[in-house]
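Trainee: Could we go through this structure together? I would like to begin with how the chains meet.

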Amino acid sequence: MITFEGVTKRYPDGTVAVDDLDLEIDTGRITVLVGPSGCGKTTTLRMINRMVDATEGTIAVDGKNVRDVDPPTLRRGIGYVIQQAGLFPHRTIEDNIATVPLLLGRDKKQARTDARALMDRVGLDTAFAKRYPAQLSGGQQQRVGVARALAADPPILLMDEPFSAVDPIVRANLQDEFLRLQDELEKTIVFVTHDIDEAVKLGHRIAVFQVGGKLAQYTTPDELLDAPASDFVRDFLGGDRGIRRLRFTQELDAEVAMGGPSGPPTGSTGATPAGSAEAGER
Amino acid sequence: MTPALAAELGGEPLFRWSYVRDNLDGPIWESLSEHLVLSFTPVLLGLLIALPLGLACARWTRLYPPVLAATSVLYAVPAIGLFVVFVAFTGLTYTTVIVPLSLYTLSVLVPSVVDGLRSVPEHVRQSAVAMGFGPLRRLVRVELPISLPVVMAGLRVATVANISLVSVGALIGIGGLGQLMITGMKWPGGNYPTPIIVAIVLIVALAVVADLVLLLVQRLLTPWQRAGRGARRAARRERAARLEEAR
Ligand SMILES: Nc1ncnc2c1ncn2[C@@H]1O[C@H](COP(=O)(O)OP(=O)(O)O)[C@@H](O)[C@H]1O
Ligand SMILES: [Mg+2]
């Protein structure tokens, strides 16, 4: 479990990015931080692996204050995925994926073998192993980013708008596979997005932030749609119409997940056969 | 040859193979090897100093404008002026040529190193931090390799410039192949173009070969660059093909 207690982040220029945050993030679940741009989602995420240090308050992972761990050591135990994937352009795909195991001093050959197994797992053709990131599409790079974050098998994964930069069809595809993967892996995932559809689709719990770094509501997707805690949250959900739409998509996704009668995957994927979604990514 | 030029040369042909044959093991070889030492030593020295200086300028950005100004001013000083100034300190030695040329190299390479480091995308730097690279490891394993193409471009410019600038040293008697030009100009009994032509040809050849070698080294060290270019070309071809089809 990751806990925030009275956490405030004030940047040197005086901006209060996160304001007195209390938050408990469940182990083995996906917790989504959602809110408009500039509301402090990235800052909150980065305080967990100490890329940003909190000004006040404490953040603890399984009861251990992150301040007591040296940052590189802390970070090697926490996977991190960002929007542009942040892959190393000068390293092959397999070496990108093997980055953290190699930092941890593992055997190079073993790390590469493991990297290929991971490629398979995240739905990447292992024929890409010796290629460079520039030779892959955006969606494929994002898969490499996820594989790289998983390579050292960290219990925690931080994801900052990982699917925002790819087109909607590829995004839906990545989201579905991400959920499937998480079913097997059961990592503790903190997932940042500004997209409420994505939050409802992926989140086990959703933390809605508002500008000024205030937590507006923290609850399950169902509760959020049933009882928005404030006008801000209701507006962010798109008002009554938005809430109805989100409910509808949520039910469709649930049916698809249960292999329901609705036939080809619809919902946020649109009426596109899975095959062409793959093709769009090449 | 025009009659005017022939008259000026006093009947001397533009090029005499016999000169090359007679002097190859002597003056030609000596000035060539001197030229190599005088042009490559400053490149190495310049690189050794430019790396930490460039790193410092990229790290503490306020340092960069004054350093850049200083190196630019330095670059504007004519080489012969610097050589003459340094004679006062280091006499008629190799050092007198090597030090000013190292300074020139520096003024080319410091901006290259800074630009190279700035070419590292911020998200790549951030993801290196997030994966647990300490500052030194991040520099050596991520930032410097990614800077390499830009630094190598600077290194090629500096190397070629040095190979050409060394000849100026001949004016103070230390100029590698430049020495052959002086020989040709000051030949007892009039002009003797052959040594001058030999010098020019060798200098140009040296510059071309050095540039090609460095280009080759760059290619070997940065295989991802060609991969990236190939991918972009393929994407362009594909787009063009699709457009063609649409028509
Ligand atoms: N390094 C920084 N220095 C100063 N202000 C910052 C810095 N990083 C972010 N901020 C500010 O803090 C606020 C929250 O930023 P961020 O956490 O990136 O929000 P989000 O990820 O939700 O868009 C914004 O107002 C942003 O401008
Ligand atoms: Mg952000």
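Predicted model: local features only at pLDDT ≥ 70, side-chain atom pairs only at ≥ 80, totals over all residues.

Trainee: Understood. How many residues does the contact take from chain A and from chain B?

Mentor: Chain A contributes 23 residues to the contact, and chain B contributes 20 residues.

Trainee: Which three residues supply more of the area that chain A buries against chain B than any other three?

Mentor: They are A:Phe88, A:His90 and A:Leu103, which supply 27% of the area that chain A buries there.

Trainee: And what is the area buried between the two chains?

Mentor: About 2000 Å² is buried between chain A and chain B, and carbon and sulfur atoms give 68% of that area.

Trainee: Which way do the residues of β6(A) point?

Mentor: A:Ile78, A:Tyr80 and A:Ile82 point one way, while A:Gly79 and A:Val81 point the other way. All of these are buried. As a general rule, side chains in a regular strand alternate between the two faces of the sheet.

Trainee: Which strand do bridges join to β6(A)?

Mentor: 5 bridges join β6(A) to strand β7 (residues 156–160) of chain A, and the two strands run parallel. Within this pair, A:Gly79 stands opposite A:Leu157 of β7(A).

Trainee: Now another topic: in what order do the 4 strands of the open sheet in chain A come?

Mentor: The order is β2-β1-β4-β5 in chain A, and the pairing is antiparallel. The edge strands are β2 and β5 (64–65), each of which pairs on one side only.

Trainee: How many bridges join β1(A) to β2(A)?

Mentor: There are 6 bridges between strand β1 (residues 2–10) and β2 in chain A, and these strands run antiparallel. Two of the facing pairs can be named: A:Lys9 stands opposite A:Val18, and A:Ile2 stands opposite A:Ile25.

Trainee: What about the hairpin of β1(A) and β2(A): how many residues are between the strands?

Mentor: There are 5 residues between the strands, and A:Gly14 in this hairpin takes a positive phi near 100°.

Trainee: And how many bridges join β1(A) to β4(A)?

Mentor: 5 bridges join β1(A) to β4(A), again with the strands running antiparallel. A:Thr8 has A:Glu56 in β4(A) as its bridge partner.

Trainee: Which value does phi take at A:Asp20?

Mentor: Phi of A:Asp20 is near 50°, a positive value in a residue other than glycine. A:Asp20 lies in strand β2 (residues 16–25) of chain A.

Trainee: Where does A:Arg50 lie, and is A:Arg50 buried or exposed?

Mentor: A:Arg50 lies in the loop between α1 (41–48) and β4 (56–61) of chain A. Its relative accessible area is 13%, so A:Arg50 is buried. A:Arg50 also has a positive phi, about 65°, although it is not a glycine. By contrast, A:Asp20 is partly exposed, because its relative accessible area is 47%.

Trainee: Now chain B. Where is B:Gly46, and what does B:Gly46 touch?

Mentor: B:Gly46 is in helix α2 (residues 17–59) of chain B. B:Gly46 counts as buried because its relative accessibility is 0%. Not counting residues up to four places away in sequence, B:Gly46 touches B:Ser102, B:Thr105, B:Leu106 and B:Leu109.

Methods. Residues numbered from 1 in each chain as written. Chains lettered and ligands numbered in written order. Heavy atoms only, no water. Contact = heavy atoms within 4.5 Å. Buried area = accessible area lost by both parts, 1.4 Å probe. Buried < 20%, exposed > 50% of the residue type's maximum accessible area, 1.4 Å probe, protein only. Pairing = 2+ DSSP bridges.
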